[in-house]
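Please keep the structure in view while reading.

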Amino acid sequence: MSAVISTVEPAEETVRPESRAWKKLKASKSALLGFAIVAFFIGIAVAAPILPIADPAATSWSVVRKAPSAVHWLGTDEIGRDILSRMIWGAQASLMAGVVSVLIAVLVGVPFGLISGYFGGWIDQVISRITDALLATPFLILAIALAAFLGPSLTNAMIAIGLSAMPIFVRLTRGQVLSVKTEDYVEGARAVGLAHFAIMARYILPNVFAPVLVQATLTVATAIIAEASLSFLGLGQQPPAPSWGSMLNVAKNFMTQAPWMAWWPGAAIFLVVLGFNLLGDGLRDALDPRET
Amino acid sequence: MRKEFLAALLLSATTLVSTAHAADLRIGLQDDADVLDPDQSRTFVGRIVYTSLCDKLVDITPDLEIIPQLATGWSWSDDGRVLTMDLREGVTFHDGTPFNAEAVKANIERSKNLPESRRKSEVKSIESVEVSGPLQVRINLAAPDATLLAQFADRAGMMVSPAAAEAAGADFGANPVCSGPFKFVERVQQDRIVLSKFDGYWNAGAIHFDTVTFLPIPDTTVRLANLRSGDIDMLERLAATDVASVKGDANLGYAEAVSLGYQGITVNIGNGEKGDNPFGNDARLRQAFSLSLDRDAINQVVFEGAFAPGNQPFPPTSPWYDKDHPVPARDVEKAKALLKEAGYDSFDVEVQVANNPVQTQMMQVVQAMAAEAGFNVKLKSMEFASLLADQSAGNYQASQVGWSGRVDPDGNIHQFMTCKGGINDSKYCNPEVDALLDAARTSNELATRKAKYDEARDILNNDLPIIYLYHPTWIWALSGKLEGFTPYPDGMIRLENVKFN
Amino acid sequence: MLSYIARRLVIAVPTLILVSVFVFVLQKLLPGDPALVLAGEERDPEVLEFIREKYRLNDPVIYQYFHWMKAMLQGDLGISLRTQQPVATLIADKLPVTIQLAIMAMVIAFAIGIPAGILSAVHKGTAVDYIANFIALSGLSIPNFWLGIMLILLVSVQLGWLPASGYESPFTDPVKSLQTMIMPGFVLGTALAATLMRHTRSAMLGVMKADYIRTARAKGVLENAVIIKHAFRNALLPIVTLSALLFGELLAGAVLTEQIFTIPGFGKLIVDAVFTRDYAVVQGIVMCTAAGFILMNLIADVLYFLLNPRMRSSL
C-alpha cells in the first residue's frame, strides 16, 4: 500500500506531458465524439442569428402545441412558437449557464479546497466552516436576494449558480488533498524545501484533477436546469427569450397534452452532458500520469 | 419480523375493505389550507374546508342570491342601519353547545375584536349586536352597508362555538368547533385534513358521507392522476388544458362555474414617482393597449376557451355586468391611431408578472399581441412577495394581478377604484367615481346600485386604471360514481345532496 | 479520534451561529414584506400593523436577531407566521419524512451507482462501459418532474400498483409507507446514481493502475477479490465526500419531487416559507440543514481516516 501514486517522476516532467496528453486525447474515439457533440452545440449557439430559422419569439395562434411536422420539425410550444428555433436560440443561454457557472465554481472552489486541505489547521477550519454555511443557505434565498439587487441578467444568474455549486468542489478537492499530502513523494518534496505553491501545483493538483473533472462535467447539467428556476425568480433570461431549462419548465404543465415540448430540451441537455462527460473522460485519461 | 409484516399486510387489507364500505369522500385541493379559524384564515382552500366544517348565517345560490342557512330570515330597517335576523332553531355546535342569538353576538364580536382577526374590514360597518330574543339578533350599523349580507355568506358569517373559541383563543384553528355538516378530526400539515359526519347536524338528511378527507396535491397533472387511479374522488381547479381529456373520459365527471374574480393588468397611475410616466398619465395609451389585445384568442390559446374573456370587474355572466360596454373586439388599427395621437410610433412598457407558468404564458401572448400595435412590452418575472411589495410601494409601471372576487360587487371594485381604497395600488383617484361607488354601497336596491356602477363604468372604461383581461372558471373533475354536485361561482364545494351512486 | 470528534462538535457551534447570522441578514435584505403576504387579499392596515407588531417586524434587525437567538437558546424556535404553528412542531413533523425519503433515495443511488461504476471501470471501453454511462447520464439529465409524472401515469394510473402520491408514516402503516416512498425514492435516487457512478468509475480507473493492484494481480489473486478489497477501498474517497454532500442536500429537501408525489418534507416547507417570508420557519429549517451538513461532513472526515489511517495527521 506504500507507493500508491509514486509515478510523478522528474523524468516525465521534461518530456512535456501536454503534448503527450494531446496526442492521447486525439487518439481517443470517445473523446473525439464528445468534442464533436460539444462543438456542434457551440456551433449552433453561435450561428443562431445567421441560420435560416423562424424568429424564436414569433407566435402563431393557429399552431399552438402542434406535434412535430414538416413545417415545424420539432413541433410548436404553448403559444405557437417554433421549438426548433427556440432550441437553437436557447442553446446560447443554456451553454453559457452550464459552462460559465461551472467554471466559476471550479476556479473558486478548487483553490480554496487546495489551501484548506494542504495547510490544514485553522485555515482549514475557517474555509470548511464557511463552506458548511454556504451549503446550508437555501439556493432560493440567495437567488431572490441577487435578483433583487442585481436585476435580471444571464451573467448574474451564472454567478448565482456558480456560487451555489462551489462548495462541492471545495470539499472534493480538500478530500483528495488530504489523501495525497501524506504520500512519501509529497513529504519528500517538502523535506527538500520546495515551496508550498510548487508542491501544490506539481504534486497535488494532478491528483485532484480526476474527481474535479468528473464533477464539473456532471454539474453542467444541473447548472443548465438551475438557470430556468432563476429566470422564473426574475434573475436569468426573461420571457420570451428562450433557454432549454425554461422550455423544460414550461413543458412540465403539458406532459400529457404536448409531450414533445419536454423531449427536445431534455434530449439536448442529455447530449451536451454526454458530450462533456466523454470529453472529460478523454481528458482524464490523457492527463493521468500513469496511463501509458 | 415476518409475522409482523404479514400482520401489517392484513391490517392494511382490512382497513382498505372497511373504508370501502364507509362512505369516505377524498377531495384533492391545489394547496394546503392555512389556519383553520374562519376569523384568521386568508386562503381559498381554507374556505373550501370551512364549507363542510362551518355553517354561515346565510348562503348563496349559484346565481348569487342570498338564501337562509343559520339565519332563517332577515329584514332591514328603513334607514338601512339595522339588520334584524331570525335564527334557526335546534342547531348545536360540534361540542354540543347550542347555537343562538348569544352565539351570533359572540361571533361577530370575535371577528371585530380578536387581535388576529382578518375579518375586521368586512364587519367594520357593524357598531353593535343586540340579542333581541333567544333566536333573534339586531345588528346596528354605523352607516348603511349593502355589502354586509354578502359578507355573512362567507367567512365573516361563519359561526364557531363561542365556548370553544373562548377556551382556545387564537389557537382555535388547531381544533376548530363549528356547527357545519362535518366535524374536525385531524390535520397533518401539507398532507391531509380529515372531517367526520356530525350526527347532530340540522340538515343531516342531506349529507351522505361518513368522512371527508381533503388532500393538498399541488401538481395539477398529479391531482388528475390521483383521480384517475381512484386515490381521490374529486378535485378542484383542474387545469384548463386537461378539460378536453376529462370530458372525453366516461369514467369521470366534470363541472364548471365562472368565478367571481378577474385577472388583469394594473397600471400605476399615481402611486409614487413611477406613476408619473406616459402610460400612467395618458389614458389613450392604456386604451390603445387594451384594444391591441384579442381577449378571445388569449382565452383560446392559454385556457382552451374554458375561461371567460372580460373587460370589467364582473364577468359578463354577472347581473352586475354593464352591457353597454361589451368585451371590445381587437382593433390594431385603432390602437395604432391612438398611440400616434398620443405622440408615439412605438411605446416601451414594463409589466411585472408573478412567477407562475400559466400567468407567464398568458403575458407572453399579451406581449406578442401588443407588439403588433407598437407596444414593446418587457416582462419582468417575479416571485409573489417581491411583486406585491413593489406594487404596494408604487415601484412598478404595470403589473399583472388578479382578484379572487367577492359575492357583493362592491368587493370587486370599491377598494381598487376609490382614492383611499385599501388595495388601490394604481392610486387612481377620481372624486366622481368615489361618489358613485360610495353611493352604491348605501342602497339595498339592486336597480339603484346597478345604475351607480354603470355610471362609474362609463368613466372607468375610459380611464382604465386596470385593464381587465379575463375571468377564471372554477373547474372540478369528479369520479364517475359521484353524483349531485352543484358548481357555484364562489368555487366552494358544497356537499349537501352529493353522494356515491 | 474521539477528541477530534469532540473538537469538531465544539466548532459546530460557531459554525451554526455564522449560518444563523448569514441567513438572518440575507432574509432581511430580501424585498417583500411578510405582513403584506400574510394579511390576506384586502391588506387591511390594522391587520398589517398587528402582524408587524406581533412578529416584531418593526424592530431593528439586530434586535430581532438577538430576540430569536435568546428564544432559541431556551429551546424555542418561534412561531410560523404562515401556519401559526410552532416551528419546532413543523420540523418535528417533517424531519422524519425528509430523512426517510433521503435514506430511500441514497439506498437506491448506491444500489445503482456503485455497481454500475465498478462494472464500467472494470470493463472500460467495452459495450458494458458505454451502456452504464448512457444510463447514468440519462438518470442525471431526465428531469425529476418528467420521470415522476411518467412513473405515476404508468405505475399508478395504468397498472394500479402503487398509490399515485401521498405519504404514510412507517409507524402507522409500514407497508403503505414503503409503497408511497418507492417512486419518489427512485426518482431522486436515479439522479444521484449518475454522480456516484461517474465518480466510482473514475476513481476505480485511477486506482486500478496503481502498482499495488498490479502486484496483487501478478500474485494471482482472484480478480474479483482484487477489485473489491484493494481497488474499491481506495476509490472510495471521493465517493465518501460526495455521498456526504448529496445526503446533506437531500436533508435540505427536494421540493420538486416532494411536490409531485405530495410528500410533506422540508423542501416544500422551506420554499413556501421563503415565498411568504416566514422568517422563523426559514431560520429553523436552515439551522436544521446546517446541522445536517456539519454532521455529514464530520462523518466524511472520520471515514477518510478509517479508509486511510495515514491521513490521521492531517485531521
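**Domains, interface and fold**

In chain C, the centres of domain 1 and domain 2, taken over C-alpha atoms, are separated by 32 Å. The assignment places domain 1 at 2–73 and domain 2 at 93–306, the bounds being those of an automatic or database domain assignment. The contact between them takes 16 residues from domain 1 of chain C and 13 residues from domain 2 of chain C, where two residues are in contact if their C-beta atoms, placed from the backbone, lie within 7 Å. On the side of domain 1 of chain C that touches domain 2 of chain C, H1 and helix H2 (34–38) of chain C each supply at least two residues, with H1(C) giving the most, 10 residues. Helices (H or I, at least four residues) and strands (E, at least two) are DSSP runs, numbered from the N terminus.

This is a predicted model, in which local features need pLDDT of at least 70 and side-chain atom pairs count only at pLDDT 80 or more, whereas totals for chains, interfaces and linings use all residues. Residues are numbered from 1 along each chain as its sequence is written, while chains are lettered from A and ligands numbered from 1 in the order in which they are written.

Between chains, 52 residues of chain C are in contact with 46 residues of chain A. The elements that give two or more residues to the side of chain C that touches chain A include helix H1 (2–29), helix H8 (174–208) and helix H13 (279–307) of chain C. The largest share of that side, nine residues, comes from H1(C), the helix that also gives the most to the side of domain 1 of chain C that touches domain 2 of chain C.

Chain B has 16 helices and 21 strands, and its C-alpha trace spans about 80 × 65 × 35 Å along the principal axes. Among contacts in chain B between residues at least 6 apart in sequence, 69% join residues at least 24 apart.

Within chain B, strand E4 (residues 71–76) and strand E5 (residues 82–87) run antiparallel and are joined by five bridges; strands pair if DSSP finds at least two bridges between them. Gly73(B) has Asp86(B) in E5(B) as its bridge partner. The hairpin of E4(B) and E5(B) has five residues between the strands, and in this hairpin Gly80(B) takes a positive phi near 70 degrees.
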